[in-house]
Amino acid sequence: MDPRIERLQRQAAADQETIGLAGGLPADEQFPRTPLARAFLRAISPPGVSGLQYGWPEGRERLRAWIAERLRLRGAHISADDVIITSGAQQAITLATQVLVRPGQALAVDAATYPAALALFRARGAAPVARPAANAACHYVMPAIGNPDGHPLSPAERNAVLATRRPIIEDDAYADLRFDGAAPPPLLAVARGRVWHVGTFSKTLCPGLRVGWLVPPRQRLARTLRLKHAQDLEANHLAQSILEAYLLNADFDARLGRLRTFYRRRAVRLAAALRRHLPAWRFTFPAGGFSIWVMTDEDGDDIEFLKTAILHRVSFDPGRQFRPDRVPHPLMLRLCFSATSGPRLEEGVRRLAAAWDDYRRQRDAAAGSRAASSTSTWPPP
């Protein structure tokens, strides 16, 4: 993240009066606290391998088997032996990038995509570029539900990515949170030999456990496991054990159904507030996920707009951090509905509209002052 944006977001998060429309956080009230507490007690108790002990770098077998079965139901022909448990999706993306991309190579992404992945690619010395990118070493895509726009790849877009014959990092983080409940077959199911499938429990359960997974192509599995072992020996074994105990005693599909209904209601509330208070802004209602991607037709500086918004005690995610070229104009922004209640969503957009009016007045006044200065002469006639 741009350090200026991070400072502003931390400032906003520290103020309880600021309404947060940033961050992409799951709703606190949806965390299954009591079931997880019970799972913790089962995880640390015999019989079996206690969650307090060391484990293997690939992760707990029953947890990997559970993930593999879910992917098989979506058409992917894999087994538990194909799955590596990681410290969240971010480590899974990191491992795939380490194997696939060398410094200086191009990596194809969507025109707007997950900013932590973009930061990772740049840190590795790769150059993320918007698709289509003929010379890209690989593709990073979110086919089921994108971030920030909340939409799946179209059939034409899926086919175009597959037609490149290049390796694909498939980030499936929001697949289970499609509002219609119909997650498409993952790209893993149709291009097993070159898809690196990434998943996580951070969106559907809780991010604090930091449990994700990676399914690499089988010919790259051994190398990936060696890299994993060198990084951290294993993902948090206690967190894996808690998650395994929870999943073996919970109706996870029923939970997903409740989450889809819950988040869709919040998306509807945010969309209605935007249409009411900021009718000139453009967006398409999301098919799932945690956010709405808003587009304007105006130039400007999204960081300066964020500063103004925070003065009005509301925050958002500036669009530049989602773009591979990091260009801030025309102004776009991500507004997250996931962690904010309905009444606060309404009030947050009302504050955002007031901030937008203030920002535009300041921007236009500054532009007028610069124009006047550039046309003045000295000495005066």
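1. Helix α1 (3-14) gives the most to the lining of the largest pocket, with five residues. Helices and strands here are DSSP runs numbered from the N terminus (H or I, at least four residues, for helices; E, at least two, for strands). The other elements that each supply at least two lining residues are β1 (19-20), α4 (88-100), α5 and β12 (332-336).

2. This is a predicted model, in which local features need pLDDT of at least 70 and side-chain atom pairs count only at pLDDT 80 or more, while totals for chains, interfaces and linings use all residues. Residues are numbered from 1 along each chain as its sequence is written, and side-chain values use heavy atoms, with hydrogens and water left out.

3. The largest pocket holds about 1200 Å³ of space. Of its 46 lining residues, Ala22, Gly23, Gly24, Leu25 and Arg334 are the closest to its centre. By class, the lining has 19 nonpolar, 15 polar and 12 charged residues. On a 1 Å grid over the protein atoms alone, a pocket is an open set of points with protein on both sides within 12 Å along at least five of seven lines; a cavity is a set where a 1.4 Å probe fits but cannot get out; lining residues have an atom within 4 Å of a point.

4. The whole structure contains one cavity of 30 Å³ or more. Among the residues that line the largest cavity are Pro26, Phe31, Lys203, Arg255 and Tyr263. Its lining comprises six nonpolar, three polar and two charged residues.

5. The largest nonpolar core has 103 residues, and Phe201, Leu274 and Leu352 have the most contacts inside it. Helix α9 (residues 252-277) gives the most to this core, with 10 residues. Such a core is a set of buried Ala, Val, Leu, Ile, Met, Phe, Trp, Tyr and Cys residues joined through side-chain atoms within 4.5 Å. Leaving aside residues up to four places away in sequence, Leu274 touches Pro279, Trp281, Phe283, Ile292, Val294, Leu335 and Val349 (contact: heavy atoms within 4.5 Å).

6. There are 16 aromatic pairs in the whole structure (ring centres within 6.5 Å; planes under 30 degrees apart are stacked, over 60 edge-to-face, the rest tilted). Phe121 and Tyr140 form an edge-to-face pair, 5.5 Å centre to centre with 70° between the planes. Phe121 lies in helix α5 (residues 115-123) and Tyr140 in strand β5 (residues 138-141), so the pair ties together parts 19 residues apart in sequence. Phe121 counts as buried because its relative accessibility is 0% (buried: under 20% relative accessible area, exposed over 50%, partly exposed in between; 1.4 Å probe, protein chains only).

Conventions:
Phe/Tyr/Trp six-rings, centres within 6.5 Å; stacked < 30°, edge-to-face > 60°. Points joined across faces, edges and corners; volume = space filled by probe spheres on them. Nonpolar A, V, L, I, M, F, W, Y, C, P; charged D, E, K, R; others polar.
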